[in-house]
Amino acid sequence: MKDFIDTVTNETLQKLLCVAIDGRGAFGRFKDVLRDYEVERQNWFDFSGNRELTRVAEWLESNGLTPELKEVPINWLSLSSSFI
C-alpha cells in the first residue's frame, strides 16, 4: 500500500492514506479512505492487480514456467472494484 501511496499526487489524500495504514486494521481503513476518491480507488485496483500479475509471472518463471498472457474478454481488474 505504501508503494501505491507514493504514486498519489493529491497531498491531502496521501496524508490520509499514510495515517490509514498505520497499525492494526490498516487495509480496512485504507479502503474506507479510497471510497471517497473514485479515480484513485480505481488507480489502486489497477496498481494492485498489476502487482499481482507481476508476482504470478515472476513465480512461474522462477519455477521454470513461461506465462502465457492471453486476451481476456472483460477487464477483470475493474470487476474487482465492485467487491469492495
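A: In this predicted model, Leu34 touches Phe4, Leu17, Glu40, Arg41 and Trp44, leaving aside residues up to four places away in sequence.

Q: What makes these count as contacts of Leu34?
A: Contact means heavy atoms within 4.5 Å. Phe4, Leu17, Glu40, Arg41 and Trp44 are therefore listed as touching Leu34.

Q: Which nonpolar core includes Leu34?
A: Leu34 belongs to the largest nonpolar core, which has eleven residues, among them Phe4, Leu17, Phe30 and Trp44. Helix 1, helix 2 (11-20), helix 3 and helix 4 each give two or more residues to this core.

Q: How many aromatic pairs does a search of the whole structure find?
A: The search finds seven aromatic pairs.

Q: Why is the pair of Phe4 and Phe30 called edge-to-face?
A: Ring centres must lie within 6.5 Å, and planes over 60 degrees apart count as edge-to-face. The centres of Phe4 and Phe30 are 6.2 Å apart and their planes are at 80°, so the pair is edge-to-face.

Q: What parts does the pair of Phe4 and Phe30 tie together?
A: Phe4 lies in helix 1 (residues 2-5) and Phe30 in helix 3, so the pair ties together parts that are 26 residues apart in sequence.

Q: Why is the pair of Trp44 and Phe47 called stacked?
A: Planes under 30 degrees apart count as stacked. For Trp44 and Phe47 the angle is 25° and the centre-to-centre distance 6.3 Å, so this pair is stacked. Both residues lie in helix 4 (residues 38-62), three residues apart, about one turn of the helix. Ring pairs also link Phe4, Phe27, Phe30, Trp44 and Phe47 into a cluster.

Q: Why is Trp44 called buried, and why is Phe47 called partly exposed?
A: The cut-off for buried is under 20%, and that for exposed is over 50%. Trp44, at 9%, is therefore buried. Phe47, at 21%, falls in between and is therefore partly exposed.

Q: What makes Lys31 partly exposed?
A: Its relative accessible area is 25%, which lies between the cut-offs for buried and exposed, so Lys31 is partly exposed. Lys31 is in helix 3 (residues 26-34). Lys31 and Arg41 are ten residues apart in sequence and 8.1 Å apart in space, C-alpha to C-alpha.

Note on methods. Residues are numbered from 1 along each chain as its sequence is written. This is a predicted model: local features need pLDDT of at least 70, side-chain atom pairs count only at pLDDT 80 or more; totals for chains, interfaces and linings use all residues. Side-chain values use heavy atoms; hydrogens and water are left out. Helices (H or I, at least four residues) and strands (E, at least two) are DSSP runs, numbered from the N terminus. Buried means under 20% relative accessible area, exposed over 50%, partly exposed in between (1.4 Å probe, protein chains only). Rings of Phe, Tyr and Trp (its six-membered ring) pair if their centres lie within 6.5 Å; planes under 30 degrees apart count as stacked, over 60 as edge-to-face and the rest as tilted. A nonpolar core is a set of buried Ala, Val, Leu, Ile, Met, Phe, Trp, Tyr and Cys residues joined through side-chain atoms within 4.5 Å.
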